[in-house]
Amino acid sequence: MSTQSTPGIDGPDVSDHPSRSDGFVRGLSGLIGGPLGDHAVARDRPVGSERRFWTAVRIVLALTCLTLALHWVQKSPCQDGAWVDNEQYTRFCYTDVLALYYAERLNEGAVPYQDHPVEYPVLTGYFMGALGLPVHAAGDGNPDLNQGQWFYNLNALVLGALAVATVAVILALRRRRPWDAALFALAPALLLTATVNWDLLAIGLAAFGLLAWARSGPGQRGTVLVALSGVLLGLGGAAKMWPLFILGPILVLAVRAGRLRAALLSILTAAVTVVLVNLPVAIPYRENWSRFFELNTERPIDWGTLWYITRYLDGKFGDPAAIGPFQWLDGNIPTLNYLSYALFGLACLGIGALALLAPRRPRLAQLAFLVVAAFLIFSKVWSQQFVLWLLPLVVLARPKWGAFLAWQAAEVCYFVAFYGQLLGASAGQPVFPEGVFVLAASLRLTTVVVLVVLVVREILHPETDAVRRTYADDPDGGLLDGAPDAPWLDRLRARRQRIEPSAAPAPVPAAT
């Protein structure tokens, strides 16, 4: 069996209190008098029974809105588009959203893909056009209207709504652990990068895809939700591609549970969705549509990646008269691409083996985090806003504050160092030695690897998983939640037990 009864969990829908369950929060709570007491809130109070207005859900949603408002203030110096003296870098307010309004010729009324190639997957291009073309129409002939500023603010409003929706999904998935969503709401990464690009579009769609899968079950309604999960993940993949990676964990967990048909339905609907979204552009405007794929194929080693760090070490510690292996890779992009894909593929195979051989079936969020993290670790491109991809997955996979805050601190350091690099490249002279930026990138990489190790450890030792202390199995598992392992896996375990040699030595016959 994949599940087992957990004392105090299989009964009422009881809310978790971090000051009691999370060691890091419990330690910090000593500064204000210690963990939440029994007179403050009853331990056995069912979720949703609170009578006060400021419930955990409302507090978390309000904190999300506050973080997004502060982000808008932080980006406000760049909103007018009049970037002089590298103001967009010295004030840390650069955003692709505003820059690409002009670079993609939306300010001229150009229709994405039809009139101009776009460097993003099609749904992001559609999104840009849906918001940009009305702004251009309103500003055409009206010189007093700052089109770029209106475009940015309209995007900030919609992307902010998607961020709030993502938090609402996390709250829906963790009704017994509402404070987990505060990790997302208060994340410095959200504060600094929410509207640097359009990543929150894919994140919101992926979150709703996970919610649809989590709500699936037996019967016709469950089948509809499984198909809907594929549609939503397909839409997310048509916006930024990475949500499609979540289908891999769904497949391998379904194999382990013997529910392969449901996984294949989700994968099929995702594939059909991606095709249908792309066809209206790919057929009539193939050259402009393929720009995204060409750009990703041609790009060399990008700032802050594993390859950037190793290339720097080649030049720093290698033979100055020779070209190091990672320096060589920078000039041989096809080989770099194959190596990056191969390492990611091997990592996925390892994650799949972990999912099948772990003592207990892992949770979907754990595997989804591992796959997306592996992609970023081995990718040749790791843009600053890609941190947002991992944010909801970390909250669902490992909702513990200690390592999370260490990772976020490293991301803040990288954010500052990255803008120093941008300013140095624009001004023509370095702001600080390149080794400072490499150190910041290494810290970011290291903290993500540490999170990966911690999640793997909790998969191998499920009794240490915070979510499973509150839920009997996997609250994101949908029709897999509480399902037994497939019979073939039980037979495999039994066969392994029969052929494994005994730990005790065989008796030695007495001498005659």
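**Reading the cavities**

Trainee: How much space lies in the largest cavity?

Mentor: The largest cavity holds about 80 Å³ of space. A cavity is a set of points, on a 1 Å grid over the protein atoms alone, where a 1.4 Å probe fits but cannot get out; points are joined across faces, edges and corners, and the volume is the space filled by probe spheres set on them. This is a predicted model, in which local features need pLDDT of at least 70 and side-chain atom pairs 80 or more, while totals for chains, interfaces and linings use all residues. Residues are numbered from 1 along each chain as its sequence is written, and side-chain values use heavy atoms, without hydrogens and water.

Trainee: How many cavities of 30 Å³ or more are there?

Mentor: The count is 4.

Trainee: Which residues line the largest cavity and lie nearest its centre?

Mentor: Lining residues have an atom within 4 Å of a point. Here there are 13, and Ala207, Leu210, Pro392, Leu393 and Leu396 lie nearest the centre. Helix H7 (147–173), helix H10 (199–214) and helix H20 (387–397) each give two or more residues to this lining; helices are DSSP runs (H or I, at least four residues), numbered from the N terminus.

Trainee: How do the residues of that lining divide into nonpolar, polar and charged?

Mentor: Ala, Val, Leu, Ile, Met, Phe, Trp, Tyr, Cys and Pro count as nonpolar, Asp, Glu, Lys and Arg as charged, the others as polar. The lining has 12 nonpolar residues, 1 polar and no charged.

Trainee: What is the volume of the second largest cavity?

Mentor: About 60 Å³. Its lining includes Pro188, Gln384, Glu411 and Phe415, and divides into 6 nonpolar, 3 polar and 1 charged.

Note on methods: On a 1 Å grid over the protein atoms alone, a cavity is a set of points where a 1.4 Å probe fits but cannot get out, and a pocket is an open set with protein on both sides within 12 Å along at least five of seven lines; lining residues have an atom within 4 Å of a point.
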